[in-house]
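Please look over the sequence and the model before reading on. The report below describes selected features of the structure.

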Amino acid sequence: MEDQSILSALFLGLIEGLTEFIPVSSTAHVLLAGHFLGFKSPENTFAVLIQLGAILAILSVYFRKLFLLAIGLPTDPGSRRFVAAILLAFLPAAVIGALAHDFIKSVLFETPMVICVMLILGGFVLLWIDRLKLTPKYTEVTDYPLSLAFKIGLCQCVAMIPGVSRSGATIVGALLLGTDKRSAAEFSFFLAMPTMVGAFALDLYKNRDALSFDDGAIIAIGFVAAFLSALLVVRSLLDFVSKRGYAPFAWWRIIVGTLGLIGLMLGIGGA
């Protein structure tokens with residue numbers, strides 16, 4: 001392994017963890033940063049597989065709540081309904097992701113211009129949402145109706161276009177459907193677990209023959225960096241959005257997308 005590849009993997013892992021659970025599109029950030037660094041990964045597998053670090057971070061933070069849900073399944077109707085809501089919300093992405101996987105990876109992931117444009121457009125959508133005077137009907141994720149969960153899951157599918165943001169799509173959808181900002185972010189956390197595990201497993205299976213030992217070592221470095229940085233975000237995000245809303249993330253998206261477009265037009269990176 002080259003020192004440059006190790007440093008790039010470490011840097012990209014940090015970016016993944018810091019951006020996975022905020023509505024700025026971690027995939028967009030990792031792909032764009034990789035493009036400008038000249039970092040190459042077979043079928044862009046690195047960007048998907050290091051997400052496992054972020055998954056484990058959220059599992060560790062929510063371990064107690066997940067454990068209580070698990071032991072309550074046999075006897076508690078509320079636990080069963082919440083788990084059913086998460087699985088129902090996951091279903092649309094599971095189906096569409098499996099059917100469109102090759103197109104997403106070979107076309108959309110390879111088009112930095114699309115990523116930059118979606119970052120900017122998504123930023124303006126977040127600004128619009130953040131300024132709406134919405135009256136929430138649902139403030140607890142465990143009280144979300146199954147129909148609401150499924151609709152949020154449909155919104156998540158838009159995030160298969162890199163640059164949209166999985167958390168951004170689910171949060172915007174949830175807010176428009178009547179939730180408050182804090183519970184929308186928390187539902188996005190829970191929905192991330194099956195969604196990201198599914199994406200990880202599918203990508204690993206599809207590219208099992210293309211990965212080498214060096215690829216595995218680079219992915220491991222990115223994985224650890226993503227885990228540690230994601231811990232920081234998960235532990236602080238809910239309080240942040242409750243106080244500040246989503247406008248800071250919107251402006252960040254617009255700035256990054258604009259800088260990305262300028263970099264592409266100047267021909268920077270992609271070596």
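The sections below cover annotated spans, aromatic pairs, a helix and a pocket.

## Model and annotated spans

This is a predicted model. An unreviewed UniProt entry places the feature "transmembrane region" at residues 6-32, 44-62, 82-100, 107-129, 184-205, 217-238 and 250-269.

Two of these spans can be described in the model. Residues 184-205 are 100% helix and 0% strand, with end C-alpha atoms 31 Å apart. Residues 217-238 are likewise 100% helix and 0% strand, and the end C-alpha atoms of that span lie 33 Å apart.

## Aromatic pairs

The whole structure contains 9 aromatic pairs. One of them joins Y62 and F189, with 6.0 Å from centre to centre and 70° between the planes, an edge-to-face arrangement. The two residues are 127 residues apart: Y62 sits in the loop between α4 (51-61) and α5 (63-72), while F189 belongs to helix α10 (residues 181-206). Y62 and F189 are both buried.

F82 and F190 make another pair, and because their planes meet at 90°, with ring centres 5.1 Å apart, this pair is edge-to-face. F82 is in helix α6 (residues 77-106) and F190 in helix α10, so the pair ties together parts of the chain 108 residues apart in sequence. F82 and F190 are buried. Together with F21, the residues Y62, F82, F189 and F190 form one aromatic cluster.

## Helix α9

Is helix α9 (residues 166-176) largely enclosed or largely open, and why? Of its 11 residues, 10 are buried, so the helix is largely enclosed by the rest of the structure. The buried residues of α9 are R166, S167, G168, A169, T170, I171, V172, G173, A174 and L175.

The cover over these buried residues includes α7 (112-131), α8 (146-156) and α10. Just after α9, G178 has a positive phi of about 110°.

## The largest pocket

The largest pocket has a volume of about 640 Å³. Its lining consists of 33 residues, and Q51, A159, M160, T195 and A199 are the ones nearest the centre of the pocket. By type, the lining divides into 16 nonpolar, 13 polar and 4 charged residues.

Which helix gives the largest share of the lining? Helix α6 does, with 8 residues. At least two lining residues come from each of α2 (26-37), α6, α9 and α10.

Key: Residues are numbered from 1 along each chain as its sequence is written. This is a predicted model: local features need pLDDT of at least 70, side-chain atom pairs count only at pLDDT 80 or more; totals for chains, interfaces and linings use all residues. Side-chain values use heavy atoms; hydrogens and water are left out. UniProt positions are given in the numbering used here, feature names are shortened, and annotations may be inferred rather than shown by experiment. Helices (H or I, at least four residues) and strands (E, at least two) are DSSP runs, numbered from the N terminus. Rings of Phe, Tyr and Trp (its six-membered ring) pair if their centres lie within 6.5 Å; planes under 30 degrees apart count as stacked, over 60 as edge-to-face and the rest as tilted. Buried means under 20% relative accessible area, exposed over 50%, partly exposed in between (1.4 Å probe, protein chains only). Contact means heavy atoms within 4.5 Å. On a 1 Å grid over the protein atoms alone, a cavity is a set of points where a 1.4 Å probe fits but cannot get out, and a pocket is an open set with protein on both sides within 12 Å along at least five of seven lines; lining residues have an atom within 4 Å of a point. Grid points are joined across faces, edges and corners, and a volume is the space filled by probe spheres set on the points. Ala, Val, Leu, Ile, Met, Phe, Trp, Tyr, Cys and Pro count as nonpolar, Asp, Glu, Lys and Arg as charged, and the others, Gly among them, as polar.
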